[in-house]
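Here's a quick tour for anyone meeting this structure for the first time. Have a look at the model, then read on for the main points.

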Amino acid sequence: MASKRYVYLGAVGLGLALGLGLLSIEPAKSEKRLAGPAFQVDPFWPKPLPDNWVTGEVGGTCIDSQDHVFIVTRGFQTGGLVSPEGVAGQPAKSRASPPVIEFDTDGNVVNAWGDASIVASGPNAGKNAVLPNGIHGCFVDFEDNVWIGGNGDAVVQKYRHDGHLLLQIGTKFVCDTPTSACTNVMATGSSHSLLNLPADIAVDPSNGDVYIADGYGNHRVVVFNRNGTFLRQMGGVGTGPGQFTAGDGGHPHCVVLGRNGLVYACDRGNDRINVFQKDGTFVRAIPVIPGTAALGVAGSAWDVDFSPDRKQTFMYESDGGNEVMWIFNHAAALAGLPNAILSGFGRPGHMAGEFTFLHMMAIDSKGNLYVGETIGGRRVQKFTLKNCDGDDRRGHGSGNCDD
């Protein structure tokens, strides 16, 4: 579950090899390689939140067609804030921010929505009766609709840009398990209508198909059409090709569609990204930092996104086990070539540019990167693209790494 606390041994082991500070991997001097872009943290983004809002764990980060950034935050949930946040004081009492916050490119709050006051009774007393619980994953589709899921629940929901609910996949509080309880039963999952603690969502702009990382309880990527009708699924339980680790913790933790027509799904426990064709045919596994999960952390494969150029030259991978944002040569990673990781930035910590439970992230049209943090971090940070030395030799802040 998202509330599970992990020890950051991965960063220690990795630090012995790479050194603490700005973590990076440099190519050998004799080796000619694609140079990755550089980023600089913007400590003034976002602007201060209004009305004494406090964000809880940021369960998802996504971007719309206007480069507005959405975050989904868990502060509204029972136990979502940490004392003294939410405790009466002078001159005012802080309070949980709305579940969904929209920022403009300057970091101003331009909209926020989600009614946290509608709660269930009975066995689910205190949990939100409409919004997902354990809110996790955020995606803005090609029609600017906002999708969110919940790894403490059994639903993925589609909202209009202004927060009006349009569609729900799954049933609140009823999971795809033999007992209908929402828990990991170390199974692939088989239901054509129920989910089990889903972690992430992606929508195919060519046809509206919905890809769901059904990954904290089940261990599959499940696909529905735009109306919520089951189409197919991919994955399974295990360590073999195209399988996801049996344990709890988000396997798969992310699902992302590339412009190349491939499906990328993060398998944290196996420290890799499983790549499929859209029909479910397994293509290959891209290793991130093997051995991280074995150190007792949540693994190294948490989320994926791509540079905004036509070829998606660079693949970014958030590694919350080591607290590093890795930059891959996308083509080299898909080809299974060694040294596909070009560089990385970040380290454990709470200062600007450091990470505490580095989680989900998104890239805007200019190539800037936005990173949400969960347990202990509970914030979103912006990293501005400073250069982009791709194969067109004209990037330098444009975010375009190819012709």
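Let's start in the middle of things: the largest nonpolar core has 22 residues, and the ones touching the most other members are Tyr264, Ile273, Ile286, Val304, Met315 and Phe328. At least two residues of this core come from each of strand S17 (262-267), strand S18 (272-277), strand S20 (303-306), strand S22 (324-329) and helix H2 (330-335). Keep in mind that this is a predicted model.

**The overall picture**
- The protein chain has two helices and 26 strands.
- It runs to 403 residues, and buried residues make up 56% of them.
- Counting contacts with a separation of 6 or more, 53% are between residues 24 or more positions apart.

- In soluble globular proteins, nonpolar side chains tend to be buried together.

- His330 sits in helix H2, and it counts as buried because its relative accessibility is 3%, under the 20% cut-off.
- Leaving out residues up to four places away in sequence, His330 touches Asn260, Tyr264, Phe306, Lys311, Gln312, Thr313, Phe314 and Met315.
- Ser318 belongs to strand S21, and with a relative accessible area of 0% this residue is buried too.
- Ser318 and Leu358 are 40 residues apart in sequence, yet their C-alpha atoms are 6.6 Å apart in space.
- Leu358 is also one of the residues that Ser318 touches, and others on that list include Ser300, Trp302, Val324 and His359.

**Aromatic rings**
- Searching the whole structure turns up 13 aromatic pairs.

**The largest pocket**
- The largest pocket holds about 940 Å³ of space.
- Its lining has 37 residues, and those closest to the pocket's centre are Ile63, Phe139, Val140, Asp305 and Ile363.
- Two or more lining residues come from each of these elements: strand S3 (58-63), strand S8 (135-140), strand S12 (200-203), strand S16 (255-257), S20 and strand S24 (358-363).
- By class, the pocket lining splits into 20 nonpolar, 11 charged and six polar residues.

- The structure has two cavities of 30 Å³ or more.
- The second largest cavity has a volume of about 40 Å³.
- What lines the second largest cavity? Asp141, Phe142, Glu143, Trp147, Lys158, Val203, Gly208 and Arg226 do.
- That lining has four charged residues, three nonpolar and one polar.

How values were computed: Residues are numbered from 1 along each chain as its sequence is written. This is a predicted model: local features need pLDDT of at least 70, side-chain atom pairs count only at pLDDT 80 or more; totals for chains, interfaces and linings use all residues. Side-chain values use heavy atoms; hydrogens and water are left out. A nonpolar core is a set of buried Ala, Val, Leu, Ile, Met, Phe, Trp, Tyr and Cys residues joined through side-chain atoms within 4.5 Å. Buried means under 20% relative accessible area, exposed over 50%, partly exposed in between (1.4 Å probe, protein chains only). Helices (H or I, at least four residues) and strands (E, at least two) are DSSP runs, numbered from the N terminus. On a 1 Å grid over the protein atoms alone, a cavity is a set of points where a 1.4 Å probe fits but cannot get out, and a pocket is an open set with protein on both sides within 12 Å along at least five of seven lines; lining residues have an atom within 4 Å of a point. Grid points are joined across faces, edges and corners, and a volume is the space filled by probe spheres set on the points. Ala, Val, Leu, Ile, Met, Phe, Trp, Tyr, Cys and Pro count as nonpolar, Asp, Glu, Lys and Arg as charged, and the others, Gly among them, as polar. Rings of Phe, Tyr and Trp (its six-membered ring) pair if their centres lie within 6.5 Å; planes under 30 degrees apart count as stacked, over 60 as edge-to-face and the rest as tilted. Contact means heavy atoms within 4.5 Å.
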